[in-house]
Amino acid sequence: MKGLYFQQTSTNEETMFVFQERENLPVTEDYFVKLQVKACALSQINTKLLAEMKMEKDFFPVGREVAGVVLDGILPLDSEDPGLCEVVRVHEHYLVHKPEKVTWTEAAGTIRDGVRAYTALHYLSHLSSGKSVLIMDGASAFGTIAIQLAHHRGARVISTACSLEDKQYLERFRPPIARVIDISAGKVHIAESCLEETGGLGVDIVLDAGVRLYNKDDEAPVKLQLLPHKHDIITLLGVGGHWVTTEENLQLDPPDSHCLFLKGATVAFLNDEVWNLSNIQQGKYLCILKDVMEKLSAGVFRPQLDEPIPLYEAKVSMEVVQKNQGRKKQVVLF
């Protein structure tokens, strides 16, 4: 029985994905189940987090968002079994029932982004009806789920588009997005657009997709030029607002902190792995998993999925995902 693993080179810069034969699963212990995998979604592997958690291995299993015959869930960060394998061993605390109306592909392709969206909008920023929300890069797989959750909670959504195709996709959203800001040309001022849309009050919640920490002249990569500057986000944030950031190296200078203090605003870091790093929040985590599946079954969540691929194509597809080159969620179907 083969499984997909990644092997990091000695330079820590290049990641290689390889198929390896796996030994038979050990006898199932108490509270563990064997899960026959039907679908597994592909997501980037945070190699830096693994190093900081001292969880590096010669070969690390790939694939954690799995849907199986009876159950589905996200494998814990320290799982020794790759989701990209026919059978895995999982603790029951990481599983939740899949509704009959939900397909294997939908379940595996939505569960992680659903958890991230709940973590950002429910637990970190306390989203409620009538709030205004700026969701950066709304056409991404995660951005799509975040917008749908915000709309379901009755929020007014503003989003950014990184290309003409993304802009057209966001403009077709139902219910409609209040404003789609096209930043592909790099000439639009996000802060001005958001302040105009909110009558000068600023937005209540900002969910970024990365932040530019320095001036344009200091950064060479073109991709970084499309990211908003941290000063723009602080400017467009309203009084008592919440900034949820995915930028793990965010640096705030004293003037930035002073501005946030005057607004009574907060900054929170979105790391969805915290649910798997401590068992103290296990009950909340299972509630999130269950709610994600229920909303998927009810049609609230409509994930942006790519065409499913067979297992033998997983290696090449994972290389694309690891380089963050794909837009839609990729799922391996067994």
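Student: Leaving aside its neighbours within four places in sequence, which residues is Ser 159 in contact with?

Tutor: Ser 159 touches Leu 134, Ile 135, Asp 137, Gly 138, Ile 147, Leu 170, Ile 177, Arg 179, Val 180 and Ile 181. Contact means heavy atoms within 4.5 Å. This is a predicted model, where local features need pLDDT of at least 70 and side-chain atom pairs count only at pLDDT 80 or more, while totals for chains, interfaces and linings use all residues. Residues are numbered from 1 along each chain as its sequence is written, and side-chain values use heavy atoms, with hydrogens and water left out.

Student: Why is Ser 159 called buried?

Tutor: Its relative accessibility is 0%. Buried means under 20% relative accessible area, exposed over 50%, and partly exposed in between (1.4 Å probe, protein chains only). Ser 159 therefore counts as buried.

Student: Which backbone atom lies 3.2 Å from a polar atom of the Ser 159 side chain?

Tutor: The backbone nitrogen of Gly 138 does. A polar contact is a pair of N or O atoms within 3.5 Å; within protein, one must be able to donate a hydrogen and the other to accept it, and residues adjacent in sequence count only if both atoms are side-chain atoms.

Student: Where is Ser 159 in the fold?

Tutor: Ser 159 belongs to strand 10, residues 156-161. Helices (H or I, at least four residues) and strands (E, at least two) are DSSP runs, numbered from the N terminus. The protein has 10 helices and 15 strands.

Student: What makes strand 9 and strand 10 a pair?

Tutor: Two strands pair if DSSP finds at least two bridges between them. Strand 9 (residues 132-135) is joined to strand 10 by 4 bridges, and the two run parallel. Ser 132 stands opposite Arg 156 in strand 10.

Student: What is the order of the strands in the open sheet?

Tutor: The 6 strands follow the order 11-10-9-12-13-14, with parallel pairing. Strand 11 (179-182) and strand 14 (266-269) are the edge strands, since each pairs on one side only.

Student: What makes the pair of Tyr 123 and Trp 275 edge-to-face?

Tutor: By the ring rule, the count comes to 4 aromatic pairs. In one of them, Tyr 123 and Trp 275 are 5.2 Å apart centre to centre, with 70° between the planes. Rings of Phe, Tyr and Trp (its six-membered ring) pair if their centres lie within 6.5 Å; planes under 30 degrees apart count as stacked, over 60 as edge-to-face and the rest as tilted. The pair is edge-to-face.

Student: Are Tyr 123 and Trp 275 buried or partly exposed?

Tutor: Tyr 123 has a relative accessible area of 26%, so it is partly exposed. Trp 275 has 6%, so it is buried.

Student: Why is the pair of Trp 275 and Tyr 285 called stacked?

Tutor: The ring centres are 6.3 Å apart and the planes meet at 15°, so the pair is stacked. Tyr 285 has 1% relative accessibility and therefore counts as buried. Ring pairs link Tyr 94, Tyr 123, Trp 275 and Tyr 285 into a cluster.

Student: How do you know that a charge sits over the ring of Trp 104?

Tutor: The rule asks for NZ of Lys or CZ of Arg within 6 Å of the ring centre and within 35 degrees of the ring normal. The charged end of Lys 98 sits over the Trp 104 ring, 4.3 Å from its centre. Arg 116 lies over the face of Phe 142, at 4.3 Å from the ring centre.
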